[in-house]
Amino acid sequence: MTAVRKSPFPAATVLGYPRIGPRRELKRALESYWGGRSTDEDLHGVGSGLREESWRRLDALGLGASPSNTFSYYDQVLDTAMLLGAVPKRYRGRSAEDTYFAMARGTDGIAPLRMTKWFDTNYH
């Protein structure tokens, strides 16, 4: 009888998971932050809670491995630009959150980055 070799890979996983929350919590937190009604700590608290809820749900459903690095406050292409330091000079000199959102949405005096179609989706 031949022994069955166990694979080092999980039996099942997903490549990503919706990040906005079951009741659109991230959208409301972003709008509150952008409107000046909440702080960056409030926003990060909502993001952290959503990530934890997602990981716990996927674990409870029996997923062999939880996805990582799928959460974003705006979009993953913008996240990568920030990670690599690809920030145009006109956006520098602000907090990380203000720089990030200025690149995505613009400010009173600075236009946002140009939007580009990637695989039928809008990215900055």
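**Starting at Leu43**

I picked Leu43 and looked up its partners, skipping neighbours within four places in sequence: Leu43 is in contact with Leu26, Ala29, Leu30, Tyr33, Tyr73 and Phe101. Contact here means heavy atoms within 4.5 Å.

Before going on, I noted the ground rules: this is a predicted model, where local features need pLDDT of at least 70 and side-chain atom pairs count only at pLDDT 80 or more, while totals for chains, interfaces and linings use all residues. Residues are numbered from 1 along each chain as its sequence is written, and side-chain values use heavy atoms, with hydrogens and water left out.

**Overall layout**

I listed the secondary structure of the protein chain and got four helices and two strands. Both kinds are DSSP runs numbered from the N terminus: helices are H or I with at least four residues, strands are E with at least two. Along the sequence the pattern reads α-α-α-α-β-β.

Next I checked burial. Of the 124 residues in the protein chain, 27% are buried. The cut-offs use relative accessible area with a 1.4 Å probe on protein chains only: buried is under 20%, exposed is over 50%, and partly exposed is in between. I also looked at contacts between residues at least 6 apart in sequence, and 51% of them join residues at least 24 apart.

**The core**

Which residues have the most contacts inside the largest nonpolar core? I found Leu26, Leu43, Tyr73, Tyr91, Phe101 and Met103, in a core of 19 residues. The elements giving two or more residues to this core are helix H1 (25-34), helix H2 (40-60), helix H3 (76-84) and helix H4 (96-105). H4 gives the most, with five residues. For the record, a nonpolar core is a set of buried Ala, Val, Leu, Ile, Met, Phe, Trp, Tyr and Cys residues joined through side-chain atoms within 4.5 Å.

**A closer look at H4**

Is H4 mostly enclosed or open? Seven of its ten residues are buried, so H4 is largely enclosed by the rest of the structure. The buried ones are Glu97, Thr99, Tyr100, Phe101, Ala102, Met103 and Ala104. I checked what covers them, and the cover includes H1, H2 and H3.

**How the helices meet**

Two packed helices are described by the angle between their axes and the distance between the axes. The axes are lines fitted to C-alpha atoms, for helices over the stretch in contact, and the angles run from 0 to 180 degrees between N-to-C directions.

I did H1 and H4 first: their axes come within 12 Å and cross at roughly 100°. H1 and H4 are therefore roughly perpendicular to each other. Leu30, Tyr33 and Trp34 of H1 make the contact with Glu97, Asp98, Phe101 and Arg105 of H4.

Then H3 and H4: they pack at an angle of about 130°, with their axes 11 Å apart. That makes H3 and H4 oblique to each other. On the H3 side I found Leu78, Asp79, Ala81 and Met82, which meet Ala96, Thr99, Tyr100, Met103 and Ala104 in H4.

**Two serines**

Ser32 is in helix H1. At 16% relative accessibility, Ser32 counts as buried. Its side chain makes a polar contact with the side chain of Ser38, at 3.0 Å. A polar contact is a pair of N or O atoms within 3.5 Å; within protein, one must be able to donate a hydrogen and the other to accept it, and residues adjacent in sequence count only if both atoms are side-chain atoms.

Ser54 is in helix H2, and it is buried too, with a relative accessible area of 16%. Leaving aside neighbours within four places in sequence, I found Ser54 in contact with Tyr17 and Pro18.

**Before H1**

Leu15 lies in the segment before H1 and is exposed, with a relative accessible area of 84%. Beyond four places in sequence, Leu15 is in contact with Pro67 and Thr70. Leu15 and Asn69 are 54 residues apart in sequence and 9.7 Å apart in space, C-alpha to C-alpha.

Arg24 is also in the segment before H1. Its phi is near 60°, a positive value in a residue other than glycine. Arg24 is partly exposed, at 46% relative accessible area.

Conventions: Angles under 35 degrees count as roughly parallel, over 145 as roughly antiparallel, 65 to 115 as roughly perpendicular and the rest as oblique.
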